[in-house]
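Dear colleague,

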Amino acid sequence: MENTVGIGLLGAGTVGGTLIRRLVEEHEAIGAKTGLDLQVRRVAVRDPDKPRDFTLPPGVLTEDAMKVVTDPSVGLVVEVMGGQDPAFDLVLAALDAGKPVVTANKELIAARGPDLIAAAERQGVPLLFEAAVGGGIPIIRPLSETLAGEQIARVMGIVNGTTNFILTRMSEDGQEYETALEEAQVLGYAEPDPTADVSGADAAAKAAILASLAFGTWVGLDQVYREGIEKVSALDIQFAAELGYVIKLLAVAERTGRGVCARVHPVMLPAEHPLASIRGATNAIYIEGPSIDELLFAGPGAGGEPTASAVLGDVIDAARELLAGAVVAPRIRFAAGALADFGDVTTKWSVRLLVDDEPGVLAQIAAAFGESDVSIKSVWQEGQGSEATLLIVTHGAAEGRQRVAADTLRHLEPVREVESVIRVESPEA
Ligand SMILES: NC(=O)c1ccc[n+]([C@@H]2O[C@H](COP(=O)([O-])OP(=O)(O)OC[C@H]3O[C@@H](n4cnc5c(N)ncnc54)[C@H](OP(=O)(O)O)[C@@H]3O)[C@@H](O)[C@H]2O)c1
């Protein structure tokens, strides 16, 4: 049929398997809605003998992934195998052969996006990656197309469901980090090795993509400042709550006076902020701009069904482009632009200190901040004597100066320990 597009999949796991099942079972419904006849022609897996919850004609599954790319009956390639290798070579080969590519692979795009985007541009074919950030939430297309004319100021996202689940449990049930992590593992929200999630690495790849698309300047994975949630304690969450804040792991991409900055770290957010109410494994992305004011996209950030839904949307889009036969202009152009050094970016800090509550201690602490040109917004004390805890929230100052102030505090006689440092995002200075 003239509206037939042969699909080749690299991977048939959680996302790929769901996509195949939908392409097969909903073939008629998808055809009725889009006018497309999408046919699964070749599928690469590691183990063709593994039981699958989809049925394909014999011979479609292969262990040789390059065969999917080179098969002449495959007109469009979907990469859902994950990782950089061999995914990069396979995607590049598909693009070089003039085949549109859809991928859900944030790591691949964040680490090697420019090379792949350049290959797609050379060949005039689409390279779409809606599912790479926010799973089932439409965010890549809104950022790169719908909001293409907006001078975006800032994007803040809860882009990792595992860490948001853990922080929600800690906040709502007073659990310690380890207990909440164990529960996340039992419920399948966290991997047996949770490092990529809890260290912020997964969110950093998404922050790099969000920053690149929002500001049109490519931000590499190694240019994203990153801290995970491993050090956040139930006490931090309790103190934050007393002051009207919740703690979230945020991916922040912003345009500063010194250039674009992308960062991932725990943040104290005012309880009334739209992102503060995002609970459990839900993801959300909040965008600020002069014309749109604020936008919030929220929904399931992972899982086979939501992610395959985003991939399927891209497949339909790419299949239409392929059938139209036109040379596809890139959805977004990247220009060289300044990237800010995080040390120069203005941040507000909340510093929790264990101190000896003796006369003059507050004056010494205020002086330590003052020497670094950091002014204090509020001080909150709990306990007395050698068990006194102070929570100090600063006004905005360069991140580097905040760090110097914290180092000075560590050396003050009455300061027994700087127990935690968490950045604060609040509208006031
Ligand atoms: N899962 C989610 O909720 C989610 C959400 C957003 C984005 N993503 C992204 O989507 C991608 C896929 O994730 P997933 O959860 O579906 O992964 P997955 O369940 O581990 O599936 C990976 C698939 O790729 C196949 N594969 C891996 N290496 C291969 C190789 N060298 N040659 C041939 N086949 C190979 C595997 O074969 P076998 O089946 O034989 O093992 C499996 O079918 C990743 O980039 C991930 O970051 C996932």
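**Notes on the structure**

Val-186 has its place in helix α8 (residues 177-186), where helices (H or I, at least four residues) and strands (E, at least two) are DSSP runs numbered from the N terminus. This is a predicted model, in which local features need pLDDT of at least 70 and side-chain atom pairs count only at pLDDT 80 or more, whereas totals for chains, interfaces and linings use all residues. Residues are numbered from 1 along each chain as its sequence is written, and side-chain values use heavy atoms, with hydrogens and water left out.

Val-186 counts as exposed because its relative accessibility is 72% (exposed means over 50%, buried under 20%, partly exposed in between, with a 1.4 Å probe and protein chains only).

Strand β15 (residues 388-394) is another matter to look at: seven of its seven residues are buried, so the strand is largely enclosed by the rest of the structure. In a regular strand, side chains alternate between the two faces of the sheet. In β15 both faces are covered, with Ala-388, Leu-390, Ile-392 and Thr-394 buried on one side and Thr-389, Leu-391 and Val-393 buried on the other.

As for its partners, β15 runs antiparallel to strand β13 (residues 346-355), to which six bridges join it (two strands pair if DSSP finds at least two bridges between them), and Leu-353 stands opposite Leu-390. Strand β14 (residues 376-382) also pairs with β15 in the antiparallel sense, over six bridges, and here Trp-380 stands opposite Leu-391. β14 and β15 form a hairpin with five residues between them, and Gly-383 in the turn has a positive phi of about 85°.

With kind regards
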